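Visitor: I am new to this structure and would like to go through it with you. Could we have it on screen before I start asking?

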Amino acid sequence: MVSNTQATELVQDAAGTVTGVKGVRGDGGEVSVAAKSVIIATGGFGSNVEFRQKVNTGVWSEVPLDDTIGCTNIKPCAQGDGMTLAEAAGAELIGLSDIQLHPCGTPGTGLMQHIRTSGRNRIFVNEEGSRFVSEGAARDELCKAIFAQSNSTYWVVVNKVRYPSLTEPDKDGEKMEDMIALDAVIAADTIDELAAATGMDAAKLQESIDTYNAVVAGEKEDPFGFKANNSADVQLTEGPWYACKKVPTVHHTMGGIRINVYSQALDASGKPIDGLYAVGECTGGIHGSNRLGGNAIADIMTFGRSAGLHAAEHAGVAKN
């Protein structure tokens with residue numbers, strides 16, 4: 001088995017049929033593999049800053065998407081290499097400007113770590129401690145609102161309702177005691193102490209919590225449009241309190257290799273590139289301009305099976 005190898009070229013015969021792959025191992029040695037079918041499943045290009053800046057002409061065109069904005073797919077992944085190889089072999093790349101951002105990035109990396117922004121029973125406040133958006137807003141709306149805040153960042157604030165135990169793992173497998181030890185989360189027993197530790201204005205932070213609680217209790221309408229869920233939302237009244245700083249991050253790239261229902265890579269005229277298949281985030285046109293959360297699972301399962309079946313059929317492998 002050859003691992004730590006970067007594919008550098010798709011091999012094609014005179015008719016344009018893909019017949020193999022060339023690559024370079026981590027030690028510099030060259031590799032050439034002959035194949036009757038090749039499947040590209042290399043992911044998106046979210047971590048490739050130069051690539052995403054080049055194609056960023058869509059909804060985020062006013063945001064530079066430079067290296068100050070991270071990605072939930074850390075390097076060396078999500079570089080768009082498979083797309084580049086496919087394009088060189090004649091495949092069309094579509095929808096590249098459709099880039100999805102997520103509000104749950106970790107400052108400095110963009111990874112989705114520590115207290116998650118999804119779920120209930122939390123508030124989003126800026127560096128001063130003021131709420132600035134509905135916590136139930138769509139990802140794009142949340143990210144645009146965050147970019148409008150000082151330093152394009154914010155705090156997600158929770159209390160013991162979300163984390164009743166320091167040692168019990170949350171739904172993402174993280175323990176609060178570990179997040180505190182990593183300095184990823186700031187903990188305090190009171191609102192005043194939390195404000196002092198984070199640099200927020202205590203009065204503004206208290207007002208944010210009071211407004212949220214009043215909305216949850218049905219006593220007022222939220223000025224930002226947050227709608228409480230009576231079966232899931234409760235008032236946040238007692239410590240300990242926890243704050244975790246967050247930033248927008250590149251999460252998914254909807255553009256990529258044009259394919260058909262057989263997972264065949266297509267050229268600009270819609271003609272299949274013989275012997276070449278693609279699946280997953282390296283493909284384009286599957287999720288439209290903005291992927292719905294969770295739908296990438298259906299994508300990779302559906303088209304992964306399709307790619308495997310049709311690639312095997314093309315290679316003359318009998319079906320089970």
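Visitor: Is F124 buried or exposed?
Guide: F124 is buried, because its relative accessibility in this predicted model is 2%, and buried means under 20%.

Visitor: And Y154, buried or exposed?
Guide: Y154 counts as buried, at 0% relative accessibility.

Visitor: Which aromatic cluster is F124 part of?
Guide: F124 forms one aromatic cluster with F132 and Y154.

Visitor: Let's look at aromatic pairs. How many does a search of the whole structure find?
Guide: The search finds six aromatic pairs. One of them is formed by W60 and F147, in an edge-to-face arrangement with 6.1 Å centre to centre and 65 degrees between the planes.

Visitor: Where in the chain are W60 and F147?
Guide: W60 is in the loop between α1 (49-55) and α2 (81-88), while F147 belongs to helix α3 (residues 139-147). The pair links distant parts of the chain, 87 residues apart.

Visitor: Is W60 buried or exposed?
Guide: W60 counts as buried because its relative accessibility is 1%.

Visitor: What charged end sits over the ring of W60?
Guide: That is the charged end of K144, 6.0 Å from the centre of the ring.

Visitor: Now the surface. Which residues form a nonpolar patch there?
Guide: I297, I300 and M301 form that patch, and together they have about 320 Å² of accessible area.

Visitor: Where does I297 lie, and why is I297 called exposed?
Guide: I297 lies in helix α7 (residues 295-314). I297 is called exposed because its relative accessible area is 54%, and exposed means over 50%.

Definitions and conventions. Residues are numbered from 1 along each chain as its sequence is written. This is a predicted model: local features need pLDDT of at least 70, side-chain atom pairs count only at pLDDT 80 or more; totals for chains, interfaces and linings use all residues. Side-chain values use heavy atoms; hydrogens and water are left out. Patches are made of residues with over 30% relative accessible area and no salt bridge: like charges are joined within 9 Å, nonpolar side chains (Val, Leu, Ile, Met, Phe, Trp, Tyr) within 5 Å. Accessible areas come from the Shrake-Rupley method with a 1.4 Å probe; for residues, only the protein chains shown count as cover. A salt bridge is a side-chain nitrogen of Lys or Arg within 4 Å of a carboxyl oxygen of Asp or Glu. Helices (H or I, at least four residues) and strands (E, at least two) are DSSP runs, numbered from the N terminus. Buried means under 20% relative accessible area, exposed over 50%, partly exposed in between (1.4 Å probe, protein chains only). Rings of Phe, Tyr and Trp (its six-membered ring) pair if their centres lie within 6.5 Å; planes under 30 degrees apart count as stacked, over 60 as edge-to-face and the rest as tilted. A charge sits over a ring if NZ of Lys or CZ of Arg is within 6 Å of the ring centre and within 35 degrees of the ring normal.
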